[in-house]
Amino acid sequence: MPTITTKDGVDIFYKDWGSGQPIVFSHGWPLSSDDWDAQMLFFVGHGFRVVAHDRRGHGRSAQVGDGHDMDHYADDLASVTAHLDLRNAVHVGHSTGGGEVVHYIARHGESRVAKAAILSAVPPLMLQTADNPGGLPKSVFDGLQAQLAANRSQFYRDLPAGPFYGYNRPGAKPSEAVIQNWWRQGMMGGAKAHYDGIVAFSQTDFTEDLKKINVPVLVMHGDDDQIVPYADSGPLSAKLLKNGTLKTYKGFPHGMPTTEAETINKDLLAFIRG
């Protein structure tokens, strides 16, 4: 399997398909690069080079016990882009991956970056604080960690069967295959990485990162996102960005890149070519 080894000795798995302008995909917690299948197949078919990696501790990357924080996530992404010498790249991040993309650009600069898109993404800050009263209480994320520690397999069944894809909404038609694929990806990764990752995605404040970014950024968010609530994420990120555009999707769930792939792919393509 194609891997790179980071400066702290972690093997990171990646996919690299096609040729042309590179689009680099950063996946959400606790999944893997497989969660981008619908996008990677679409964009490689439209003449782009598509690259996606499994975050450390996730998917086929090494299940190390430490480094499960946004600094390491951003540095690992930088290692992949440098190893493949990607230039004029478009970075696309979903959920936690959106935080990873924002932190990567702010931390490593824009010399290799043309544009970015963040989908259902965790910035600016998920956690409720005095400065972020609309955030979610810490008890919510403590509860996620408790469920993971108690029965990770059951937790990873319940999340996609319920709020992640909006399958708990009246009239929803759950896809058993989509649910099982989420479970499969989650269980491939390491429990320690996923446990620590809850802190990384919920407690990292991306406010200053967003302010530093100059390249065009498309902020895509569904207004029925039950994982990263809309009002405290997408609109706030778009305002903090110098060159941000907010695109709001009525009724779309957190996992919209999968359940609404046709719409998401079309809008991403228009943004990248625009």
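**Close-up views of a predicted protein model**

View 1. At 7% relative accessibility, Ser 95 counts as buried, because burial is set at under 20% relative accessible area. The model shown here and in the views below is predicted. Ser 95 belongs to the loop that joins E5 to H3. Its phi is positive, near 60°, although the residue is not a glycine.

**View 2. Asp 85 in the loop between H2 and strand E5.** This loop runs between H2 and strand E5 (89–94), and Asp 85 is found in it. Asp 85, which is not a glycine, has a positive phi of about 50°. With a relative accessibility of 40%, Asp 85 counts as partly exposed.

**View 3. Phe 25 and its surroundings.** Phe 25 is part of strand E3 (residues 22–26) and is buried, its relative accessible area being 0%. Beyond its neighbours within four places in sequence, Phe 25 is in contact with Trp 36, Gln 39, Met 40, Phe 43, Val 50, Val 51, Ala 52, His 53 and Val 92. Asp 76 is 51 residues away from Phe 25 in sequence, and the two C-alpha atoms are 13 Å apart in space.

**View 4. Trp 29 and the largest nonpolar core.** The largest nonpolar core holds 53 residues, and those touching the most other members are Trp 29, Phe 201 and Val 217. Elements that give two or more residues to this core include strand E2 (11–17), helix H4 (138–161) and strand E7 (217–222). Apart from neighbours within four places in sequence, the residues in contact with Trp 29 include Arg 55, His 58, Leu 148, Trp 182, His 194 and Phe 201. A second, separate core has 22 residues, among them Ala 52, Val 92, Phe 252 and Ile 272.

**View 5. Two cis peptide bonds.** Trp 29 is joined to Pro 30 by a cis peptide bond with omega near -5°, and Pro 30 is found in the loop between E3 and helix H1 (37–44). The bond from Pro 123 to Pro 124 is also cis, with omega near 0°. Pro 124 lies in the loop between E6 and H4.

**View 6. The whole protein, for orientation.** Ten helices and eight strands make up the secondary structure. The radius of gyration is 17 Å, close to the 19 Å that the globule rule gives for 274 residues, so the protein is as compact as a globular protein of that length. Buried residues account for 55% of the 274 residues.

Conventions:
Residues are numbered from 1 along each chain as its sequence is written. This is a predicted model: local features need pLDDT of at least 70, side-chain atom pairs count only at pLDDT 80 or more; totals for chains, interfaces and linings use all residues. Side-chain values use heavy atoms; hydrogens and water are left out. Helices (H or I, at least four residues) and strands (E, at least two) are DSSP runs, numbered from the N terminus. The radius of gyration is taken over C-alpha atoms; the globule rule is 2.2 Å times the number of residues to the power 0.38. Buried means under 20% relative accessible area, exposed over 50%, partly exposed in between (1.4 Å probe, protein chains only). A nonpolar core is a set of buried Ala, Val, Leu, Ile, Met, Phe, Trp, Tyr and Cys residues joined through side-chain atoms within 4.5 Å. Contact means heavy atoms within 4.5 Å.
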